[in-house]
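Hello,

Here is the structure we talked about passing on. Please open it first, then read the notes below it.

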Amino acid sequence: MEEQNGQACIICGQVKEEGIVIVSHFICEDCEAEMVRTEAEDAKYRFFIGRMKKIGLQKNA
């Protein structure tokens, strides 16, 4: 059985090793790159905003 060292991305839900952590929430490098390229007019922009709201909903904040 292989040991997983990665974390689950709050955007795509996949377990990955490379990415960033914002207030204890992991965003994989693939999603980070896609978010940076996404224009505000793009339909996917609203999807990213919805997922990022998880960061602001931490308990005891």
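One term first: a residue is buried under 20% relative accessible area, exposed over 50%, and partly exposed in between (1.4 Å probe, protein chains only).

Next, the ground rules. This is a predicted model, where local features need pLDDT of at least 70, side-chain atom pairs count only at pLDDT 80 or more, and totals for chains, interfaces and linings use all residues. Residues are numbered from 1 along each chain as its sequence is written, and side-chain values use heavy atoms, with hydrogens and water left out.

**Salt bridges**

How many salt bridges does the structure hold? There are two. A salt bridge here is a side-chain nitrogen of Lys or Arg within 4 Å of a carboxyl oxygen of Asp or Glu. Side chains of opposite charge can pair when their charged atoms come close.

D30 lies in helix α1 (residues 29–37) and K16 in strand β2, so the pair ties together parts 14 residues apart in sequence. Helices (H or I, at least four residues) and strands (E, at least two) are DSSP runs, numbered from the N terminus. D30 is partly exposed, at 46% relative accessibility. K16 is partly exposed too, at 22%.

E34 pairs with K44 in a salt bridge, and their closest N and O atoms are 3.3 Å apart. This pair links distant parts of the chain: E34 sits in helix α1 and K44 in helix α2 (residues 43–56), 10 residues apart. Both ends count as partly exposed: E34 has 27% relative accessibility, and K44 has 34%.

**A buried loop residue**

Now look at I11. It lies in the loop between β1 (7–8) and β2 (15–16). Is I11 buried or exposed? I11 is buried, because its relative accessible area is 3%. Leaving out residues up to four places away in sequence, I11 touches I27, C31, M35, F47, F48, R51 and M52. Contact means heavy atoms within 4.5 Å. Take F47: it is 36 residues from I11 along the chain, and the two C-alpha atoms are separated by 8.7 Å.

**A buried histidine**

Last, find H25 in strand β4 (residues 25–28). H25 is buried, at 18% relative accessible area. Which backbone oxygen lies 3.5 Å from a polar atom of the H25 side chain? The backbone oxygen of K54 does.

Best wishes

How values were computed:
A polar contact is a pair of N or O atoms within 3.5 Å; within protein, one must be able to donate a hydrogen and the other to accept it, and residues adjacent in sequence count only if both atoms are side-chain atoms.
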